[in-house]
Amino acid sequence: MSKAAKLDPAADPLVSLFKSIGLAQAKAQEAAKSPKSAPILKNIIESYPTVSSGKLSEKQAGLIVALAGALVKATIDTAERDYLIATILEDRLKSVDQVTAAVKFTESHKVPIDDAEFDKECGVGFSITSEELHNQVTKYVSLKEVAGWANLGAVISALRATPELRWAHPVDVKNAVEKAFTESFGAKEAAKPKGKEPKKDAKPVAAKGKPAEAAINSDVAMTRKSVFEEGFLGSLHKPGENPQAHPKHREAHLAVTRGNVWTRFPPEPNGYLHIGHSKAIFVNFGFAAYHNGKCYLRYDDTNPEKEEAKYFESILEMVRWLGFEPWKITYSSDYFDELYDLAVELIKRDKAYVCHCTQEEIKADRGEKRGQPRPCIHRNRPISESLIEFEGMKNGKYRPKEANLRMKQDLEDGNPQMWDLTAYRVLDTPHHRTHDKWKIYPTYDFTHCLVDSFENISHSLCTTEFIASRQSYEWLCDAVDVYRPRQSEYGRLNLEGTIMSKRKIHALVTGGYVNGWDDPRLYSLIALRRRGIPPGAIISFVSTLGVSTAASNIEISRFEQTVRQYLENTAPRLLMVMKTLRVTIENLPEDYVLTVEKPLHPKVPELGTSSIPFTRNIYIESDDFRLEDSKDYFRLAPGKTVGLFGAPYPVTYVSHKTDLTTGEVVEVVVKLENEGAAKKPKAFIQWVANHPASGSPVRVDETRIFHRLFKSDRPSGDVSDLQPDSLEVVKGALVEVGFWALAKCSLIDARREAAVRTEKATQDNKTTTTASDTPHATSEQLVGKECVRFQGLRVAYFALDKDSQLACLDEPDSVKASRKQGDYVVLNRIVSLKEDSGKAV
C-alpha cells in the first residue's frame, strides 16, 4: 500500500453531518473527501436551518452538494447564495447542470435577480416536444454532412452543447439522434452475436469488403469527421505545397510519396507515454489514416544516457493499444551516418563551428542574462580547423562538455532559436543500438528536421512549444540543401489535477507515494490502461476536444464523462453489491432455487446473457434499506415493496434484525409477492443470491476505488499536496456468478482479435531493421486482464486488475469457468456511474 493510502471514511465526523441532510452513506463519504468543497458544504449546513432540518429529499441533498462544489471556483455574495439555496429547496433547480449554470449566472447578476431571466439561463421549466427535438437533430445531421454511425457519440455531444438543447434530457437527445441516424443511414450494423456468450467490448465494425482489423484505424480516424476537415487540421497545406528552396526537392518528394500524406510520431524513449501523448498519436496517425496516408513510429533515440529498452517496448504497445499500427518503425539512430555527413557539410559551408566554451559561457553568449546574444569566441575560426576539431570529437579526443558543434545561425534575429544552437555534443554513454561506435550524438534541433526530410514527411505536426523552433527547422534544411518539410503546431492536451512530468512522477514512484508508473491514480497511458479505461474512450475524448493552436486544459471530470459515455453501450452489466445486507425471503423454502436468465445489457443483445440463481437468501446493498421512510424514497423500507433486477417478483418488507451491541441492521426479512395480483414496484434494486452449489456469490477480495491524487487543480508534484485517502480498498464486495463466464469470454475475444490484428500488422508494416532490439507487434501487447470490464449495476464501472489470479483465464476455452483454489479477485473502479438527478432514488 502506498503512503498516500486509505483512511476509514466512515470515521470522518463530516460524514455524519452530511448524512443528516439526506445523503446516503456512500454519497456522504464521497462529499467528505473533497478538501475544497467539504468545508463549503459544512458551512451551508450549519448556516441554513432549512438545509439542516432533515426534510430535504435525497435529490435536493445531492444538489446542495453540487452547489458546494460549484462554489469552490466561484465568488458570490451571501445574498446570491441565499437565492441559490432557495431555488434548490423550491425544486426550481433539478439537475447538477442547472446548479452549475445558476452559480455562473449569479456571479454576474446580483440580488434582486430577475426570475424570468434566471429561469431562461438555467433551464428552469425547460420543455421540448419529441417532434421539435427530432427536427433539431435531423437539421443538424443534414447541415454538418455527418458521415454515418461512427459519428454517433460526437453528434450527441455536439447537440447537447447547443443552446437550444442544452437542457434537454440526455436520454431524449440520444434517442432522437439514434432515430435520425437510423432514418439517414439505416439500422446500425452490429457485430455478429455469439450465442449467449458475453463479448468483451463493442468494437468498430468493419466496412463491407474490409477485414475487421482494417476497420480499427479507419474507424478511429472517422470518429469525428470534422476534426480532420475543419479548423487547424483542415487548414493544413496539401502534400507538395510546402515551400522549397529548389523545385527539385519538391519533385523528388512527390515522386516518393505520390502526393500522399506522410506523418510521424517521434517520441523520445526516455519514459512512459501519458494522456497528453494520446493527442499526438491521434493527430499524427489519425490525420494520415483519414487521408489514406502513412505514419511512421520513429524513436528519437539521440540521448543514450536516458533511454531504456522498456520504454521502446511500452511506446509501441501504447500506440497499438490505442488502435493504430505504424507503417514503419524507425529510429533517429538509423540515420547517424547521414546526419554526421550533413554536419560535415554544414561546416564546409561555413554554417557550423566547433565551440570549446563551458556551459555557463555558452549561456552567457546566448544572452541568458542580457537578453541579447554575442558571438562565441570560436565562431569565426577557420573551416578547416572546425573540420579537424569535429573529427577529434568523433574519435574521442574530448570529454563531455569540452567541445560542441554549434550551428552558425543569425545572432541579429529576435528568435533565440536562431542563436547558434548546439548540433552535436560529446557523450561517453554507449548507445543501445550503435553501442560504442559513436562518441558524439546529434541534438534534437539538428536531428528532427533532417530525419523528417530523410523520411519525406509531408506534415511535421507538433505542439505549440516548438513554434519558435520552426525557423531553425527550416533554416537547417535549406542550409544543407535538402527537402524541407512543413512544421505545423497545435495546442497540447493537459488535464487539471494531475501531473505529466517524468521527473515528478519518478519522485512519487521512488518515494513510495504511488505504486509504480502504472498506478491507476496516475495519467500515464499504462496507468489508464491498468485502471480499465478503454482505448476507444481515450480516442473519443481527444477527437471531441478538436485540434487547434490553443492548449486544451481540461478538467478530469470531463475526461471521465467521456469514458462513461463510451462504456454505457459497450460494457456488460452484472449484479453487484458493495456493502452487503442479508435478506431472507420468508415464504420460500430453504432449498428453493430458480435459475434466472438475464441480459448482460438491456439495449445490446449482442453482448449475450448470464444465468444466475434466485434463492431464499440473497444480499442487497445496505444503502438500499432504511428504517425511516420518506415520500421521495422508493427503495426498501418498512411498508415498502421493491423490485429485484431480473427476479420474477418484487418483495415486501416484513421485519428486520439488528445487532444488539451496535444497533445496526444485520438482516431484513421480506415476502415474495408471488401470489395474487402483482404489485408494481416504484424502484428496482440489485441483489446477489447466496447459493454455494452454483458458486454464487463471487466474493471480490479487493475493490480498489481511486480518488484524485492531488488536492489542487494545478499540482506541482509536491508531496504535501497529495490527498491522504486517494486510494480506497473495499474488501468483500459480491458479484453475480456470471462474472466467471464473462471474464473468460472477454479474454478469449481479446486474444482472438489481437491475433488477427497482429498478423495483419506483421504482413503490412515495415521496419528498417530486423535486429533483436527492435520492438515488434505481438498479440500480447493488446491483451491484459483489464480487458475484463463490466458495469456493476447501479454501482460503477469496473475492470479486472493485473494483481488478480484467475485460473479459468489460463484453462482451455472449452472448460467451464468457475472459481478455483488460490483465485484472488481484484477489481479497479474505472469511473463512477453518471449521476442523473432526474431519476428516482
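Reader: What makes a residue part of the lining of the largest cavity, and which residues are they?

Author: Tyr-444, Asp-445, His-448, Cys-449, Ser-469, Ser-472, Tyr-473 and Gln-487 line the largest cavity; a lining residue has an atom within 4 Å of a cavity point. The model is predicted, so local features need pLDDT of at least 70 and side-chain atom pairs pLDDT 80 or more, while totals for chains, interfaces and linings use all residues. Residues are numbered from 1 along each chain as its sequence is written, and side-chain values use heavy atoms, without hydrogens or water.

Reader: Why is this space called a cavity?

Author: A cavity is a set of points on a 1 Å grid over the protein atoms alone where a 1.4 Å probe fits but cannot get out. Three cavities reach 30 Å³ or more, and the largest holds about 60 Å³.

Reader: Which helix gives the most to the lining of the largest cavity?

Author: Helix α21 does, with four residues. Both α21 (444–454) and α22 (469–479) supply at least two. Helices are DSSP runs of H or I with at least four residues, and strands are runs of E with at least two.

Reader: How many residues of this lining are nonpolar, polar and charged?

Author: Three are nonpolar, four polar and one charged. Asp, Glu, Lys and Arg count as charged, Ala, Val, Leu, Ile, Met, Phe, Trp, Tyr, Cys and Pro as nonpolar, and the others as polar.

Reader: Why are α16 and α25 called roughly perpendicular?

Author: The axes of α16 (residues 275–290) and α25 (residues 535–545) cross at roughly 75° and come within 10 Å. Angles of 65 to 115 degrees count as roughly perpendicular, so α16 and α25 are roughly perpendicular to each other. Ile-275, Ser-278, Lys-279 and Phe-282 of α16 are in contact with Ile-538, Ile-539, Val-542 and Ser-543 of α25, contact being heavy atoms within 4.5 Å. Five of these residues are nonpolar, two polar and one charged.

Reader: How do you know that β6 and β7 pair?

Author: Pairing needs at least two bridges found by DSSP, and three join β6 (residues 422–426) to β7, running antiparallel. In one of them, Val-426 has Ile-440 of β7 as its partner.

Reader: What makes β4 and β7 edge strands?

Author: The open antiparallel sheet has the order β4-β5-β6-β7. Strands β4 (352–355) and β7 (440–442) each have a single partner, so one side of each lacks a neighbour in the sheet.

Reader: Which order do the strands of the seven-stranded sheet follow?

Author: The order is β21-β18-β19-β20-β14-β17-β22, with mixed pairing in an open sheet.

Conventions. Axes fitted to C-alpha atoms, helices over the stretch in contact; angles between N-to-C directions. Parallel < 35°, antiparallel > 145°, perpendicular 65-115°, else oblique. 1 Å grid on protein atoms, 1.4 Å probe; cavity = no way out; pocket = protein on both sides within 12 Å on 5 of 7 lines; lining within 4 Å. Points joined across faces, edges and corners; volume = space filled by probe spheres on them.
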